[in-house]
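Dear colleague,

I am passing on the structure we spoke about, and my notes on it follow below. Please read them with the model open beside you.

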Amino acid sequence: MDIGRRTILTALGATAALGAGQGAAQAASPPPAARALARLLPRHCDQVTFRTVPAKDGADAFRVSGTAGRILVEGTTPAVQLTGVHHYLRETAYAHFSWNGEQTRLPRRLPAPREPLVKSANVAHRFVLNDTSDGYTGPYSGWEYWEHELDVLALHGYNEVLVYLGADTVYHRTFREFGYGDAELRSWIPGPAHQPWWLLQNMSAFGGPVSQQLLDRRLRLAQRIAGRLRELGMTPVLPGYFGTVPPGFADRNPGAHVVPQGAWTGFTRPDWLDPRTAVFGRVAETFYRIQSALLGDSDMYKVDLLHEGGDPGDVPVGDAAKAVEKALRTAHPGALWNVLGWQTNPRREIIDAVDKSRMFIVDGLSDRYPTVTDREQDWAGTPYAFGSIWNFGGHTTMGANTPDWTALYEKWRTRRGSALDGIALMPEGADNNPAAFALFSDLPWSDGPVSLTAWFDRWSAERYGAPDRHAAAAWDILRRTAYGTTRQDGWSEAPDGLFGARPSLTARSGAAWSPGGLRYDTAEFARALPELLAVPASLRRSSAYRYDLLDVTRQTLSHHSRTLLPRIKAACDSADRAEFRRLTAEWFVWMGLLEETVATGDRFLLGRWIADARSWGADSAEKDRLAGDAVSLLTVWGGRAAADDGGLRDYANREWAGLVGGLYTLRWKTYFQELDTALTEQRAPRDIDWYAVEDGWIRDHPPYRAAPSGDIVRIARRVAGAGRG
C-alpha cells in the first residue's frame, strides 16, 4: 500500500468514535449524500449517518463502520461518501446500483460491516463521459434521467463529469455580441442530437434550427446538472473556447483572421478564429463571462484545439495554443485544461507550448492499440488518465478489453516517473456493459492489481443478490469471451451485428469503423445463456438480472447474423434458389426473435427515443423536427454526403425494437427480394439507393412502442432451445 494512502486511512480511522449526536443534526438538515441515499434506498436511508472528513495529501478516501442498522460513512466529499456506501452494499449485502439495472433487495436492518471498510483513491481524477455522449446516449433525456445518472456516477467513485448541455445558449449569447442576429445563430446551432460534433468543430446546422424555448429548457437542465454535481462535491467539466465562429465572422469583426476548416465526413466544418488576434481575446472573454454567469465556474475546461484533422492554416499551432491557454487562465486562473488523447490529439506543438502541469489528458487509446506503451514520452510528462472507449456510436454490443485494464493500469500508475493520475471512462454511448462500468470504476479504489477471475466471481453474487453456481458459471463464460478480448488486434470495442448493416452479401460490420470480424468464440459465449436461465427464481427478481438476460439473449441472436450471412452468400453465388430462400427465411426468424427480445427492455426502444425527443418540442412542427434529429443520428447520421461519401450511415446502429423490426428488416427484405428476383430472371441484381430507402423510412415510419412488452425469460428460453436445435 502507498505510504500516502496508509496515512489517509489511519486519519479516517481516528474519526470513527466521533459519531455520537450526529443523527439529530442531520435529521434537521440532511447532507447531500443523505439526500441522494434517500432517493436510492428510501426504506433504509435512515440507518446511515454521513460525515465529511478532510482529505490528507489531497487524496479522496472513505471509511464505513457501525453495527446492524446503524452504519457510519465517513468520506472526503458527499460523492466519495456515496462511493463508500456502494462498496459497503456490494461487499456486505450483495447489493448494487448500475446504469443498467440494480439489485436492492436488502434485509430490514442493514447488516454491519464485518470490519471497517476503508479505501482511498489511488489517483486524483476520475473522469467520465465522452464528448459524444450527449448525442449517442440521450440527447433528449430530462432531469429524472440525469438525477439518477449523477447519483450512480457518484456511487461509482467519479468526481469529474463532462457537461456539454447549455453550451448552445453560451454560444448563442456570445455571438449576439459580435454582430449576429438571433435567427441566424439558432440556424447555425445543430439539433441536440448533433451538437457534440458542433462543439468539436466538426459540423454545424444539421437538425436545426433550434428554438428559443428549446435553448431555454436545455439551459435550465444544464444548470440543475451543474448544481447537483457541485452539491455532491463533483466537478462539472465545461467546454472551453478555442476559436469556433459562425460564417462570415471576419466581415462583421474588423481585425479578425479566420481560417476555413474544410470538410469533415460530408459536413462543412465551422471556421476557426486565429487565437493570436485581439478579436479572439474579446470573444473568449465574452464566452467565459456568459458561461460563468449561466453555469458557474469550474476547475476544469475541455478544449480540443484542431480536433480530428483541424487545419491551422498559416497559424503556428504553438502560438495558437498559448493564446487559447492565456484566455482560459485570464478567465479561470486555477483551472485545468482538459484535452482528449485521440488520434494525433493533442499535437506535440500544443503540449510543448503550454504549462503541462496545468493540462490533463484523458487518453482514449489506452486499451486500443498495443503500440501505446509510454504516455510519459508521448506527452512529455503531461498528467493523464488511463481511459477506455469500449463503445462507439452507442452500439448495443457486449464486451470490453478488461484484461488490458488489469494488466496495464496498475503497471503504468506505479512505474517510475509515471504521470498517470486518473481514469477516464469514455464510451461514446453510455448506459451499457454494466460489468465493464463497475470493473473500470473499481480500478482507482483497488489496492494493487485486480484478479479478473475473482472480480467476476464476486460480481455474479453482487449482481443478483447471493452467490450461485449458475450465475458464476455464466459470468465466467462472459469473462473469457466478450470481456476477455485485448488490444492486440487494434480494437477496443466488440464487433457490431450484421442485422443492422446496410445489406450486402459481403457485409463485415454495421458501422464503417467497427471491427470486421468476431473477436471471441461465439459458440462458447452461447453457453452463458442456459446458465443464466438456470439461476434460481429467488435471484431472478431484480432489474439487474432482467437486463443481463436480455443482453445475453440479444448478443446470442446477433451472432447468428455473422454465421448465417456467409451461407446465404454461398447459396446465392451457386444460384441455389431453394437454399437461398430457406436461409433468408431463417434470417428473418432470427431478426423476429431479436425484435421480441429487445422489446422487453425499456432502454432498447426506438419508440422511447422518439418520444423523448418529441417531448421537447413546443408544437407539432418542432416535435417532428426533433424526432428527425434523433432518429437520423441512429441511421443515416446526416445528409446523403455524410451517410454515403462520409461513411457515417449506421455509425450509431443498435439492436433496438423498432430499428430491428423496422428499418433493418425493411432493408434486408428489399435486398433479398431483389437477389431472389435476379436469380429467378438470371440477371445481375440491380443497385438499390439505400439512402433513399433510409431517408424515406425516417420521414414516414409507423409509430413504435415507448414502453416495454413481453417476457424476457420465456423469449430467452426459446432462443436457448433454438440454439440447441
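This is a predicted model: local features need pLDDT of at least 70, side-chain atom pairs count only at pLDDT 80 or more; totals for chains, interfaces and linings use all residues.

**Notes on the structure**

A search of the whole structure finds 54 aromatic pairs. In the pair formed by Tyr671 and Phe672, the ring centres lie 5.9 Å apart and the planes meet at 40 degrees, so this pair is described as tilted, given that planes under 30 degrees apart would count as stacked and those over 60 as edge-to-face. Tyr671 counts as buried because its relative accessibility is 14%, and Phe672 is also buried, with a relative accessible area of 4%.

Elsewhere in the chain, one aromatic cluster is formed by Tyr171, Phe175, Phe178, Tyr180, Trp188, Trp198, Tyr241, Phe249, Phe280, Phe287, Tyr288 and Tyr301.

Over which rings does the charged end of Arg654 sit? One of them is the ring of Trp609, whose centre is 5.4 Å from that charged end, and another is the ring of Trp656, where the distance from the charged end of Arg654 to the ring centre is 4.8 Å.

Turning to the chain as a whole, there are 29 helices and 19 strands. The radius of gyration is 26 Å, close to the 27 Å that the globule rule gives for 725 residues, so the chain is as compact as a globular protein of that length.

Of the 725 residues in the chain, 62% are buried, and among contacts between residues at least 6 apart in sequence, 76% join residues at least 24 apart. As for the surface, the chain exposes about 25700 Å², and carbon and sulfur atoms supply 51% of that area.

With kind regards

Technical notes. Residues are numbered from 1 along each chain as its sequence is written. Side-chain values use heavy atoms; hydrogens and water are left out. Rings of Phe, Tyr and Trp (its six-membered ring) pair if their centres lie within 6.5 Å; planes under 30 degrees apart count as stacked, over 60 as edge-to-face and the rest as tilted. Buried means under 20% relative accessible area, exposed over 50%, partly exposed in between (1.4 Å probe, protein chains only). A charge sits over a ring if NZ of Lys or CZ of Arg is within 6 Å of the ring centre and within 35 degrees of the ring normal. Helices (H or I, at least four residues) and strands (E, at least two) are DSSP runs, numbered from the N terminus. The radius of gyration is taken over C-alpha atoms; the globule rule is 2.2 Å times the number of residues to the power 0.38. Contact means heavy atoms within 4.5 Å. Accessible areas come from the Shrake-Rupley method with a 1.4 Å probe; for residues, only the protein chains shown count as cover.
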